Amino acid sequence: MTAMDAARQALGEVFGYDTFRPGQESIVAAILSGRDVMAVMPTGAGKSLCYQIPALVLPGITLVVSPLISLMRDQVGALIQNGVRAAYINSSLTPRQHALALQNARGGLYRIIYVAPERLMTDAFLDFAKNARIAQVVVDEAHCVSQWGQDFRPGYLQIEPFIRELPVRPRVSAFTATATDTVRRDIMRLLALSDPYEIVTGFDRPNLFFEVRRTGDRDMSLLRFLREHQGQSGIVYCGTRKGVEQVTRMLRENGVDAVGYHAGMDDGERLRAQEDFVSDRAPVIVATNAFGMGIDKSNVSFVVHYNMPKDLESYYQEAGRAGRDGEDAVCCLLYQPSDVRLNSFLIEHSLETSQLDEQTQQVVLERARERLKQMTFYATGSGCLRTRILQYFGERPGQLRCGNCSACLTGARERDVTREAGQIVAGVMAMGGRYGKATVARVLCGAKDERIRSRGLDKLSAFGCLKAEGETAVRAMIDELIADDVLETTEGDYPVIKPGPRAREALRGDEPIRMTLAEQEGTPGRRVSAKPSVDKALFARLSALRRSIAEEQHVPPFIIFTNATLRDMADKRPKNRRAMLRVAGVGEGKLERYGDAFLREIERYEEEQEFVKRKA
């Protein structure tokens with residue numbers, strides 16, 4: 001049997017899948033052949049299987065460097081449910097537990113060990129690793145190693161020195177869901193990957209509907225959104241701990257069963273909140289962005305950002321925690337202009353306690369400012385949201401409109417705005433680059449208020465030249481012109497609009513300028529992908545059984561079976577164990593643990609249905 005034959009066997013017998021997903025098979029093959037790997041795969045694409053399957057085939061131990069305790073706990077729990085011996089080593093263990101885990105590891109008890117990066121170079125762990133057969137080192141959330149990435153974690157810089165300490169260099173693979181080309185190059189350099197197999201499987205998540213709601217009252221917008229998605233489970237991200245507490249309190253006062261989660265809470269309270277959410281006791285969790293990494297909860301139907309994040313990497317990673325099982329889900333951003341000012345402030349003060357040298361600090365700040373600029377374009381622009389995301393990560397979409405985002409479904413249309421762009425540039429020049437976007441738009445639209453009159457702006461020839469467009473459209477045009485370097489904004493708490501590098505070209509009308517502009521704001525009806533219908537009553541019965549078993553075993557329901565597995569089970573209605581193994585996500589281990597219980601539930605349901613038919 002070849003290594004790949006063994007990998008395919010493990011895929012079916014351990015994890016319960018007939019075939020690999022796109023990208024998985026080539027990555028597994030590369031690792032088994034001894035190559036290093038640099039893989040970028042979107043959240044929900046099955047990154048974990050890419051290194052877990054080789055871990056079961058290769059002789060020796062697989063070390064997985066992981067950034068969060070909750071991620072390790074859930075991954076190890078899921079592996080144990082599948083019959084794989086695994087453990088984690090991090091700060092949540094007591095000294096006795098830590099010593100026992102290392103003792104078991106030395107005895108060869110585990111195939112996979114998850115470890116926090118800060119633990120790698122400790123004397124005890126290094127001693128174990130030097131005397132063990134380490135088959136591969138996996139770096140999860142690999143963008144954390146890059147100072148140019150959005151989640152730089154200094155502990156990740158210990159990974160490469162740790163690998164050099166090992167007597168035999170193992171295979172090294174790096175996985176991330178969000179990394180631009182610059183960050184990918186940085187990852188490969190800092191981890192010293194040797195001629196790695198590189199793969200970017202694509203950033204698109206077709207099952208996610210992207211939406212931006214520009215709102216004057218975030219609380220009302222959030223409540224309206226949750227009413228639209230009543231009965232569904234989701235995450236609301238807030239930018240600060242104080243925001244988490246305020247929003248959680250507001251939701252509870254308005255009858256929403258929500259729990260809060262942030263790093264300032266004590267460990268027990270935070271753990272209870274997470275368990276209430278993953279076990280479906282609380283449908284909504286309000287959290288800071290640390291929550292969700294590695295949480296494989298299968299029925300997260302929406303992610304709402306109450307505040308705009310500082311960059312598209314963070315936004316896409318957090319939004320991607322919805323719909324991880326391939327089901328339709330919604331990612332909504334509630335935007336206010338104050339988000340830009342708050343994020344600018346946080347960026348400017350983010351390196352005050354940094355030990356980086358002054359030159360490096362300036363480079364890091366410039367990168368952060370540029371990422372915030374791109375995030376702002378996403379929130380304020382009027383073009384296709386999915387296209388904006390994909391282009392940011394260097395992917396060329398097949399079409400400029402996806403038809404499944406709020407920008408595409410609110411009457412947006414492409415227009416030639418060459419003349420209007422020239423008028424905007426002329427107006428900015430006439431105002432001397434001293435005013436912000438709101439004032440520029442109001443002048444161009446002919447707003448007659450005291451502030452404009454007192455400064456003589458109503459006397460400019462540009463005053464009212466775009467009155468027919470309306471302020472919303474003019475602001476959207478300004479945003480697009482900033483994105484295209486026709487205009488630019490200054491830094492600071494009160495940014496102003498100035499001519500950019502391509503201002504003269506636009507003023508002369510050298511080349512046509514086309515923009516996709518929304519005709520009206522509002523909440524669009526989203527496109528729902530066509531999925532095969534499933535017996536909802538049977539699915540509910542199977543879900544209730546799953547919840548009962550999960551409560552008995554004190555594990556999250558998704559660790560028993562995901563929603564996708566239950567849906568396939570309800571569709572196929574297996575009559576015996578052999579048929580149960582044909583359900584996606586049911587392997588030998590889970591068949592032994594849970595197969596008979598779910599087969600009995602399906603049998604009881606069909607008997608009841610048959611009785612009802614005969615009685616009718």
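## Aromatic pairs

In helix α6 (residues 123-130), F125 and F128 stand three residues apart and are therefore separated by about one helical turn; helices (H or I, at least four residues) and strands (E, at least two) are DSSP runs numbered from the N terminus. An α-helix has 3.6 residues a turn, so residues three or four places apart point the same way. This is a predicted model, in which local features need pLDDT of at least 70 and side-chain atom pairs count only at pLDDT 80 or more, while totals for chains, interfaces and linings use all residues. Residues are numbered from 1 along each chain as its sequence is written, and side-chain values use heavy atoms, with hydrogens and water left out.

Across the whole structure, a search finds 11 aromatic pairs. In one of these, the ring centres of F125 and F128 are 5.4 Å apart and the planes meet at 65°, so the pair is edge-to-face. Rings of Phe, Tyr and Trp (its six-membered ring) pair if their centres lie within 6.5 Å; planes under 30 degrees apart count as stacked, over 60 as edge-to-face and the rest as tilted. F125 is buried, with a relative accessible area of 0%, and F128 counts as buried at 1% relative accessibility. Here buried means under 20% relative accessible area, exposed over 50%, and partly exposed in between (1.4 Å probe, protein chains only).

The rings of F561 and F598 are also edge-to-face, because their centres are 5.1 Å apart and their planes stand at 80°. This pair links distant parts of the chain, 37 residues apart: F561 is in the loop between α22 (557-560) and α23 (563-572), and F598 is in helix α25 (residues 588-615). Both F561 and F598 are buried. Elsewhere, ring pairs join F203, F210, Y316, Y392 and F393 into a cluster.

## Salt bridges

With a salt bridge defined as a side-chain nitrogen of Lys or Arg within 4 Å of a carboxyl oxygen of Asp or Glu, the count comes to 37. D311 and R371 form one of them, with their closest N and O atoms 3.8 Å apart. The partners lie in distant parts of the chain, 60 residues apart, with D311 in the loop between β12 (300-305) and α12 (312-319) and R371 in helix α14. Both D311 and R371 are buried.

E601 and R541 meet through their side chains in a salt bridge of 2.7 Å, N to O. This pair too links distant parts of the chain, with E601 in helix α25 and R541 in helix α21 (residues 536-553), 60 residues apart. E601 is buried at a relative accessible area of 10%, whereas R541 is partly exposed at 23%. Salt bridges with shared partners also join D181, R184, R185 and E198 into one network. In a further salt bridge, the side chains of E505 and R502 meet at 3.4 Å, N to O; E505 is partly exposed at 32% relative accessibility, and R502 is partly exposed at 32%.

## Surface patches

Patches are made of residues with over 30% relative accessible area and no salt bridge, like charges being joined within 9 Å and nonpolar side chains (Val, Leu, Ile, Met, Phe, Trp, Tyr) within 5 Å. E370, D484, D485 and E488 gather in a surface patch of negative charge. Of these residues, E370 lies in helix α14 (residues 358-380) and is partly exposed, with a relative accessible area of 37%.

L342, F345 and L346 form a nonpolar patch on the surface, with about 250 Å² of accessible area together; such areas come from the Shrake-Rupley method with a 1.4 Å probe, and for residues only the protein chains shown count as cover. L346 is placed in helix α13 (residues 338-348) and counts as partly exposed at 36% relative accessibility.

## Backbone and burial

Most residues other than glycine have a negative phi, and most peptide bonds are trans. D280, although not a glycine, has a positive phi of about 70°; D280 lies in the loop between α11 (267-278) and β11 (284-287). R573, also not a glycine, has a positive phi of about 45° and is placed in the loop between α23 and α24 (577-580).

Helix α3 (residues 47-57) is largely enclosed by the rest of the structure, because nine of its 11 residues are buried. V14, in the loop between α1 (3-13) and α2 (24-32), counts as buried at 18% relative accessibility. The C-alpha atoms of V14 and G585 are separated by 9.0 Å, although these residues are 571 apart along the chain.

Technical notes: Lys, Arg positive; Asp, Glu negative; His and termini not counted. Charge placed at Lys NZ, Arg CZ, Asp CG, Glu CD.
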